[in-house]
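Welcome, and please load the model in your viewer. We will take the tour one selection at a time.

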Amino acid sequence: MSERVEFARMNGLGNKILVVDMRGRTDRVTPAAAIALAADPATAFDQIMAIHDPKVDGTDAYIDILNCDGSKAQACGNGTRCVVQALAAETGRKSFTFQTIAGILNAVEHADGTISVDMGKPVFAWDKIPLSEEFHDTSRIELQIGPIDAPILHSPSAMSMGNPHAVFWVDRDPMTYDLERFGPLLENHPIFPEKANITLAHVTSKTTMITRTWERGAGLTLACGSAACAAGVSAARTGRTERKVTITVASSPNRSTLTIDWRADDKVVMTGPAEWEWSGMVDPATGSWQRDTSTDAEAATP
């Protein structure tokens, strides 16, 4: 079996993604390879989307998702859009069905280049998110950062989009909060036995909001698709917005937006862009890699 496989550096609204083609192989991208790739500035990423041969009839591929710390991720909406764009360019097809740890995801590329991903149904039950304490109503749980009488962040909405999320409601630009300081404390809070994605959400109208996310296993990220879904659903669930919202990700260098539609059938559909940057070859066991282009080819070995 050849050591190296094809991979592409892509981004979904700034969310740094490596799409690795593992089709036709039985091995996987190792945690060691993920950590090595994340440590290199040229290949630093938020998630690796490893495309494997399908395991279930009726699906096009199994997607294995890794965070930059080598841990597994259940869902990555921005990364899924990148996979769709890569496969659409390869095959000419526009619609795909993927299997992930979080379940079956359907996706389609539109004529304008945007991509919609059916992220599935949100989960609100405290023991399914999961939380370590029972809450009858997870739209507002008891958790805060800062002084008891004047907390900086408090009373988040908790839910799962295949991975656990806590959405804190703020009344100003999320970029003005020290999320780099609070994020690790909240991600690893004992109330989240499987850790959690931490999002600050500022609702600006019944159909618009601004978000910023500390991503479980990845840290301060430029964008997080499943977090945008969680924020959109939680905003509608708490009466802050309608069920279809346009989200501006405050930390993203890409000024495009995400549209989150919590449909009447309870499924959450996310629509947004994906962008190819460059491609190369990578060893899924070690993380050693090389760019395709001869003019600026570079290699790295951990």
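Leaving aside neighbours within four places in sequence, which residues is Val-83 in contact with? Keep in mind as you look that this is a predicted model. Select Val-83 and you will find Val-19, Met-49, Ile-51, Ile-63 and Phe-98 in contact with it.

Now widen the selection to the largest nonpolar core, which has 46 residues. Val-83 is among those with the most contacts inside this core, as are Val-19, Met-49, Ile-63, Phe-98, Met-209 and Ile-260. Colour helix 4 (residues 225-237) next: it gives the core its largest share, 7 residues. Then pick out Ala-166, Phe-182, Phe-192 and Trp-214, which belong to a second, separate core of 21 residues.

Move on to helix 1 (residues 31-39). Here Ala-33, Ala-34, Ala-36 and Leu-37 are buried. They sit on the same side of helix 1 because they cover an arc of only 165° around the axis. To see what covers these buried residues, show strand 2, strand 3 (47-52), strand 4 (61-67), strand 18 and strand 19 (289-291), which are included in that cover.

Last stop: the largest pocket, with a volume of about 270 Å³. Of its 18 lining residues, select Glu-6, Phe-7, Ala-8, Ala-86 and Glu-90, the closest to its centre. Helix 2 supplies the largest share of the lining, 5 residues. Strand 1 (5-12), strand 2 (15-21) and strand 18 (275-282) each supply at least two residues. Colour the lining by class and you will see 10 nonpolar, 3 polar and 5 charged residues.

Notes: Residues are numbered from 1 along each chain as its sequence is written. This is a predicted model: local features need pLDDT of at least 70, side-chain atom pairs count only at pLDDT 80 or more; totals for chains, interfaces and linings use all residues. Side-chain values use heavy atoms; hydrogens and water are left out. On a 1 Å grid over the protein atoms alone, a cavity is a set of points where a 1.4 Å probe fits but cannot get out, and a pocket is an open set with protein on both sides within 12 Å along at least five of seven lines; lining residues have an atom within 4 Å of a point. Grid points are joined across faces, edges and corners, and a volume is the space filled by probe spheres set on the points. Helices (H or I, at least four residues) and strands (E, at least two) are DSSP runs, numbered from the N terminus. Ala, Val, Leu, Ile, Met, Phe, Trp, Tyr, Cys and Pro count as nonpolar, Asp, Glu, Lys and Arg as charged, and the others, Gly among them, as polar. A nonpolar core is a set of buried Ala, Val, Leu, Ile, Met, Phe, Trp, Tyr and Cys residues joined through side-chain atoms within 4.5 Å. Buried means under 20% relative accessible area, exposed over 50%, partly exposed in between (1.4 Å probe, protein chains only). Contact means heavy atoms within 4.5 Å. The arc is that of the directions from the helix axis to the C-beta atoms.
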